[in-house]
Amino acid sequence: MKSSTESNETDLARSLLARARELVPTLAKRAPLAEHNRSIPADTIADFKQAGLFRVIQPKRYGGYELDPGVFFDIQMTLAEGCMSTGWVYGVVAVHNWQLALFDPRAQEDVWAKDSSVLIASSYMPKGQVERVDGGFRFNGRWGFSSGVDHANWLFLGGIVSSKNGVPDYRTFLVPRSDITINDNWHTVGLKGTGSKEVVIDSAFVPEYRTLRAIDGFAGTSPGLSANPAALYKLPFGQIFVRAVSTASIGALQGALTAFREYGSKRVSINDMGRTAEDPAAALAAADAALAIDDMKLALHRNFAAMMTTLRRGDALDVNDRIHYRYQSAAVAGRCAEHIDRLFHACGGQGLYTDNPIGRFFVDIHAARMHYANNPDKFGRNYGGVLLGLGNTDFFI
């Protein structure tokens, strides 16, 4: 028997997914505008806020729902069926409401005290120049690829603090929008609508409590756990964030398959009068894409269900499982790219026209492969080495 709390959470999850599903046609219509503006329309952000989608994994103490991560990723995949750029921005922005829960409670209060709906963008590359000063740090630098920054009030930015023992102390620095300048350099071939622009800081002060050490995210010792003790916030950052940048590809592949089914069921070649539905290559491309989508979704949900069950018991996650899950996430974009290639090719010459959404999914999925976390080779080599008796070299797990 489910408890009343579990039943309420299930009902809420279903309602949120239904709201996301209702938005898909609107997102598909807005996709050309997002590409043209190189940024998600403000109306879309407003729709997400009104639907409560940004609150899925936000702490309850600030109006969030603290639902299982599987719900969050289902919403991201659903939104990406209409527009992958939109699904990408939703994933990497909404996941920050989870990460802020790991920060010192004073940092959470700085961001959410007056308005718990404000959004956070990021760029985690450790490019910040850091100088320790009284009470915190003097912070400078330039960071690229800050997705959704046009809509953000705060940012998470990466930097390395020097330590006495010489071991790099990688941290995430939380800074207000007023401390940064946006360099509008986002002119790309794919994921155009994400608005992943460069941000610049010239000598900002960041209090110590507005930083989060990567080692705490790895070890499950983040200071915010004192205020947010739910198992959700004991997930390793390296598990949940990497999925935020790989999962939109699954939704985009589903969107492409849906469009291909509509297109392929009616198309007749003007050259040989053959029906696409009767083309063996097209049929196999559709069937294999459907199987791949199912496989990737099953792995995603199995992995997080296993982690949440372990954490709710109060047990530590197995490092070997974390390495396995990391490699699976990194492989997602490449797998999706293989299948979108086949669907795109099966469209024939008509697939080249911009009114066929499969072309947009094609370039967006390939663009997603360029993200560091979606390059499987390094993580595959590490996993294979561990399987063969070598030590783990990846601590972003």
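In the predicted model described here, His339 is buried, with a relative accessible area of 11%, where buried stands for under 20% relative accessible area, exposed for over 50% and partly exposed for what lies in between (1.4 Å probe, protein chains only). The residue belongs to helix α10 (residues 319-346); helices (H or I, at least four residues) and strands (E, at least two) are DSSP runs, numbered from the N terminus. When residues up to four places away in sequence are not counted, His339 touches Leu253, Asp288, Ala289 and Ala292, contact being defined as heavy atoms within 4.5 Å. Because the model is predicted, local features need pLDDT of at least 70 and side-chain atom pairs count only at pLDDT 80 or more, whereas totals for chains, interfaces and linings use all residues. Residues are numbered from 1 along each chain as its sequence is written, and side-chain values use heavy atoms, with hydrogens and water left out.

Helix α2 (residues 42-51) has Thr44, Ile45, Phe48 and Ala51 as its buried residues. These cover an arc of only 130° around the axis, which puts them on the same side of α2, the arc being that of the directions from the helix axis to the C-beta atoms. Ala42, Asp43 and Gln50, on the other side of α2, are exposed. The cover over the buried residues of α2 includes α1 (4-37), α3 (69-82) and α4 (84-99), and just after α2 a positive phi of about 80° is found at Gly52.

The packing of α1 against α2 has an angle of about 170°, with the axes 11 Å apart; axes are lines fitted to C-alpha atoms, for helices over the stretch in contact, and angles run from 0 to 180 degrees between N-to-C directions. This angle makes α1 roughly antiparallel to α2, given that angles under 35 degrees count as roughly parallel, over 145 as roughly antiparallel, 65 to 115 as roughly perpendicular and the rest as oblique. Leu16, Arg19, Leu23, Leu27 and Arg30 of α1 form the contact together with Asp43, Thr44, Asp47, Phe48 and Ala51 of α2. The residues of this contact divide into 5 nonpolar, 1 polar and 4 charged, with Ala, Val, Leu, Ile, Met, Phe, Trp, Tyr, Cys and Pro counted as nonpolar, Asp, Glu, Lys and Arg as charged, and the others, Gly among them, as polar.

For α3 and α4, the axes come within 6 Å and cross at roughly 155°, which makes α3 roughly antiparallel to α4. On the α3 side, Phe72, Ile75, Gln76, Leu79, Ala80 and Gly82 meet Met84, Gly87, Trp88, Tyr90, Gly91, Ala94 and Val95 of α4. By class, this contact of α3 with α4 has 9 nonpolar, 4 polar and no charged residues.

The largest nonpolar core holds 97 residues, of which Leu53, Val56, Ile75, Tyr90, Trp98, Leu235 and Phe260 touch the most other members. A nonpolar core is here a set of buried Ala, Val, Leu, Ile, Met, Phe, Trp, Tyr and Cys residues joined through side-chain atoms within 4.5 Å. Helix α9 (residues 280-312) supplies the largest share of this core, 12 residues. Apart from this core lies another, of 16 residues, among them Phe137, Phe173, Val199 and Ile201. In soluble globular proteins, nonpolar side chains tend to be buried together.

Ile201, a residue of strand β6, counts as buried at 3% relative accessibility. Leaving out residues up to four places away in sequence, Ile201 touches Phe139, Asn140, Gly141, Trp143, Leu157, Val175, Asp179 and Ile180. Strand β6 (residues 197-207) also contains Ser203, which has a positive phi of about 60° although it is not a glycine and is partly exposed, with a relative accessible area of 37%. A positive phi, of about 65°, is likewise found at Phe145, although it is not a glycine; Phe145 lies in strand β2 (residues 136-146) and counts as exposed at 58% relative accessibility.

Gly224, in the loop between α6 (214-219) and α7 (237-244), is buried, with a relative accessible area of 0%. Its C-alpha atom is separated by 9.3 Å from that of Gln99, 125 residues apart along the chain. Neighbours within four places in sequence aside, Gly224 is in contact with Ala101, Leu102, Phe103, Asp104 and Gln108.
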